[in-house]
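Colleague: Could we go through the metal sites together? I would like to begin with the geometry.

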Amino acid sequence: MTSYTLRSASPAKTRCDAVVVGVRQGSGGPELDEAGADVAKAYGRKLRPLLASLGVTGKTGEVLKVPTSGALPSPLLVLVGLGKKQDATAVRRAAGVAARAVTNAASVALALPADTPELVRAVTEGYELGAYTFTTYKKEAKSTAPGELVVLSPGARRKEVVAAFEEARVVTRAVAATRDWVNVPPGDLTPPLFADAVVAATKELTKGRGAPKVGIRVLDEEELAELGCGGILGVGAGSSAPPRLVELTYAPKGAKHHLALVGKGITFDSGGLTIKPAASMNEMKSDMAGAAAVVQATYAIAALGLPVRVSTFAPMAENMVSGSSIRPGDVLTTYGGRTVEVSNTDAEGRLVLADALVRATELAPDAIVDVATLTGHMVVALGDRVSGVMGSDEVVADVLAAAATAGEDMWPMPIPEVMSERITSSKVADLAQHDWIRWGGGLFAAAFLREFTAGIPWAHLDIAGPSFNSGSAWGHVTPGGTGVAVATLVDLARAVAER
Ligand code: BES
Ligand code: MN
Ligand code: ZN
C-alpha cells in the first residue's frame, strides 16, 4: 500500500528515492516544466547538454531515468514527457507513465504541473491509475509499489487544492475497483457472484459511524419472474448461473436533484445461439463494465457526500449457449409489458437494459444515464479510446461537459429519425430488437433503448471501445479493464448537485 501526501516543498529540496519532473516539447527544443524550475536551477548550465545527450524530446509517453549524482538530494531524476500542450489531460497521462517507471523506488515525489485544483487532481489520478495492477491470479505477486508518494503543489496549503487531492483519491479508488471487477475471470464473476460482490462492497462502504449511506436490493431470478423482467430472464436463460438485478439507492437529506444510473452487466457474452466468432468472444468478460462503472460511481458520489439523489440499476446476466437459450424468433415481454422480437441473441445488452430502464423510470428521476458496452459499431465509428454519447440534447451536453472535466474522451452521436421506424418493424411484437442492417447499428441500439425511457431526459454511453484496453498501457490507462465512465459520472453528479 502506498501512502499519499500533498506538500508544497521544492523538488530540489525534497529527499525521496525518485523525483519526477515534466519535460515540455517546446518550440526551441525540450525544456523542464516550471514545476521543475528548482531542478533546472540545481543543474544550471549542465541541464541543456544533459537533456541533449539523453535524447530527451518531451513528447507524450516518453520517460527517462537519470542518476542525479549529487545534483539533487534525491538519487534519481525521472523525466516524463508532457507533449506540446500542458493541460490536465497531458498531466494525467504523464503522471500515469511516471508511475510505471518508479516501481523500484521506496519513495517518490511528483513535481508535475500542479498549481491548480484541476491539475492536482490530474497528477493524483494519473499516478494512482497508471500504477494500477491486477495480481489476484498471479501466484508470485510481490508489490513493488513505492511506500510513499508525495504530490508537490505550490497550492498544497489551499483548501480547494487539498479538497481536489482528497476527492481524486476517492475517484481513483472507484475506478480501480471497477477495473478489478472487469478483470476478474468470467467464471468467477457470474451474475450471482457479481451481485454478492456488490453486496459485500456496499457493506464495506457503509460500515461504521459517519460512513456513507447506500441502500441495496438484489432481485434474484424468482423475483425477476414475479416482476416480469423478461429481458433479463431471457438473456440469462441459457446459463446455469441465474440472472440478477442489483438496485442501489443513495438519498442524502436535502438533495434537490435525482439521477438514475443504469449499467449493462453481461458477465460473459458468448453471443448466445447467434454465437460470436472466437476472436470476438475473447474479451467478453468485460461486457459488465457498464454495471461495474455505475455501481462504483454511486459509491464515489456517496463517499464524496454529494447532495444529489442517485438510484442505480445493474442488470446482470450471462449470455450463453445451451438448450435453454433464447432463440432468434423468440418474443420476450419486458418489464412493463412491451414485447420484443429477438432476431440476434448477440444483441443482448439492450434486452437487459430495457427492463432496468423501465425500473428507473418508475422513480421519476430528473435524468437517466445508461452505460453499456453495447455495440461493436461504436468501436468502428469512434475507435477504442472514445465513447459515444446519445440521447436527449441537454443530458448529452451535461455528460460531455462532465467527461471534459474528468479527462475522458466522449463524442456525441445522433439517433437518426429512420431508426425509430426500424425498431418498430417487427411483424409479431411491439419492437424489433435488431434488423440485420449493419450500418449505424450503434444508433439503432440507442433508438431501441430510448423506447424504454418514458420521455425522461436521458443519455446513453456506449463504452464498448474504451472499457477494455487490449493493448499495452498508455498514460494512466493500464491493460485490461479501464474503469471508463466512473470519473465522468462523478463529475456529472457534481455538476447536477451545484444547480
Ligand atoms: N458486447 C457486445 C458489444 C461489444 C463489442 C463490446 C466489442 C465490446 C467490444 C454486444 O453485446 C454485441 O454483441 N453487439 C453486437 C450487436 C449486433 C448484433 C447488433 C455487435 O456489436 O456486433
Ligand atoms: Mn452481444
Ligand atoms: Zn454484449
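Colleague: What arrangement do the six donor atoms around the zinc ion (ligand 3) make?

Modeller: In this predicted model, the six donor atoms subtend angles of 79 to 172° at the zinc ion (ligand 3), so the arrangement is octahedral.

Colleague: Which protein donors does the zinc ion (ligand 3) have?

Modeller: They are Lys264 through NZ, Asp269 and Asp287 through OD, and Glu348 through OE, at 2.0 to 2.4 Å from the zinc ion. Along the chain their spacing reads K-x4-D-x17-D-x60-E.

Colleague: And where do Asp269 and Asp287 lie?

Modeller: Asp269 belongs to strand 11 (residues 265–269), whereas Asp287 sits in the loop between helix 9 (278–281) and helix 10 (289–303), so the pair ties together parts 18 residues apart in sequence.

Colleague: Are those two buried or exposed?

Modeller: Both Asp269 and Asp287 are buried.

Colleague: Turning to the manganese ion (ligand 2), which protein donors does that one have?

Modeller: Asp269 (OD), Asp346 (O and OD) and Glu348 (OE) lie 2.1 to 2.2 Å from the manganese ion.

Colleague: Why is the arrangement there irregular?

Modeller: The six donor atoms around the manganese ion (ligand 2) subtend angles of 72 to 168°, which makes the arrangement irregular. In sequence, the donor residues follow D-x76-D-x1-E.

Colleague: How far apart are the two ions, and which residue bridges them?

Modeller: The manganese ion (ligand 2) and the zinc ion (ligand 3) are 3.1 Å apart, with Asp269 as a bridge. Asp269 in strand 11 and Glu348, in the loop between strand 14 (339–341) and helix 11 (349–361), link parts of the chain 79 residues apart. Glu348 is buried, as is Asp269.

Note on methods
Residues are numbered from 1 along each chain as its sequence is written. Chains are lettered from A and ligands numbered from 1 in the order in which they are written. This is a predicted model: local features need pLDDT of at least 70, side-chain atom pairs count only at pLDDT 80 or more; totals for chains, interfaces and linings use all residues. Side-chain values use heavy atoms; hydrogens and water are left out. Donors are N, O and S atoms within 2.8 Å of the metal (3.2 Å for Na, K and Ca); water is not among the atoms, so sites may look incomplete. Four donors count as tetrahedral if all angles lie between 85 and 135 degrees; four count as square planar and six as octahedral if opposite donors are over 155 degrees apart and all others between 65 and 115; anything else is irregular. Helices (H or I, at least four residues) and strands (E, at least two) are DSSP runs, numbered from the N terminus. Buried means under 20% relative accessible area, exposed over 50%, partly exposed in between (1.4 Å probe, protein chains only).
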